[in-house]
Amino acid sequence: MNRTFRIISLVALVLALGVSCNKDRGPGYKYPILFSCLEPTRAETTIDDIKANDFEVYAYFEANAGASRGQFEKDVYYYNDDEDPTKSGWRYDGVEYWLPGATYYFKAFYPKGVVSVENTTRAQSFTIVDYDVQKQSDILVAENGGLLVDTAIGAPASGSEVALSFQHLLSCVVVAAKTKINGVRVESISFKNIAQTATFENGLWSSEQTTDLTKESNEILNSSSAQYKDVSDGGFLLVPQVINGNQKLVIKTSNKDYDIVIPAITWEGNKRYTYTLTIEQDNILFSEPTIVEVWDETNATGSVIIK
């Protein structure tokens, strides 16, 4: 590489880092470690929820070809400056600075206090014990690893901010309906014999207990509408699991009650499944999801018709 071009590139990167940090360099001319959060995929949790309740982040780093190691854990909160919005952003107490030449690994979790993290290796493995599906609480995880700190700059080439993109550890299962009978009221939706208290370890969920989970609906369906309507209030947050024919979906309506065996499938984490049903005079037409969506912002903002 041309030496003049390299010098100009490094100067440009240093200027960019200075702008992105919006803070002076710290002791020894090191840059502070900062965090930014992308809008999480919509479910029970939004970026406003995370701003209101904070999240926890774990960092592990290695230096001197892995001979030296370090770690830290921080509660990250959002500071909102109404008078000067440019000063708003994610903060934590006891600022840490990038160590030149070190390689960093980060994992973040929301909500706080749900996971137990083994933060002594770059894998940063974590465990969740006895998560209860009855709580219907979302669990998010984000990671960003392999960030090498440029010794000439004092920060990674990507900048001083660690970008965190949260993903769901649970599955989202939506029930959408339409009717050929006018004025049908969907009273409730229930999943029967699904995993209740579960443990997450080594990247997998396991559960020995099952439960029934019900949501009140009270959605009115009219035969004039050809569109499927979400009658599950955004969907159920469920433990990823194998559906093997022992689980049922029960729909209670003002017309009659319907008891459906859920076809065999494996519900995976961070995916959204939409089951559709059509209510007729004497029966209900039920369709299993032949299309599975990544649980992202676009796909989670409304009911998607799956036939």
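Guide: A search of the whole structure finds zero disulfides, a disulfide being a pair of cysteine sulfur atoms within 2.5 Å. The model is a predicted one, in which local features need pLDDT of at least 70 and side-chain atom pairs count only at pLDDT 80 or more, while totals for chains, interfaces and linings use all residues. Residues are numbered from 1 along each chain as its sequence is written, and side-chain values use heavy atoms, with hydrogens and water left out.

Buried here means under 20% relative accessible area, exposed over 50%, and partly exposed in between, for a 1.4 Å probe and protein chains only.

Strand 12 (residues 171–179) has eight of its nine residues buried, so it is largely enclosed by the rest of the structure. Strands (E, at least two residues) and helices (H or I, at least four) are DSSP runs numbered from the N terminus, and two strands pair if DSSP finds at least two bridges between them. Strand 12 runs parallel to strand 23 (residues 271–279), to which eight bridges join it, and there A177 stands opposite L277. With strand 18 (residues 236–238), strand 12 pairs in the antiparallel sense over three bridges, V173 having F236 as its bridge partner. Strand 12 is also antiparallel to strand 17 (residues 229–230), over two bridges, with A176 opposite D230.

Elsewhere, four strands form an open sheet in the order 16-13-20-21, with antiparallel pairing. Strand 16 (210–221) and strand 21 (257–261) stand at its edges with a single partner strand each, so one side of each is left without a neighbour in the sheet. Neighbouring strands of this sheet are turned by 15° against each other on average, direction ignored; axes are lines fitted to C-alpha atoms (for helices, over the stretch in contact), and angles between N-to-C directions run from 0 to 180 degrees. Within the sheet, strand 13 (residues 184–195) and strand 20 (residues 248–253) share six bridges, and F191 stands opposite L249.

Strand 7 (residues 126–132) pairs in the antiparallel sense with strand 6 (residues 116–117) over two bridges, where S116 stands opposite T127. Strand 7 is likewise antiparallel to strand 14 (residues 197–201), over three bridges, and the bridge partner of Y131 in strand 14 is A198.
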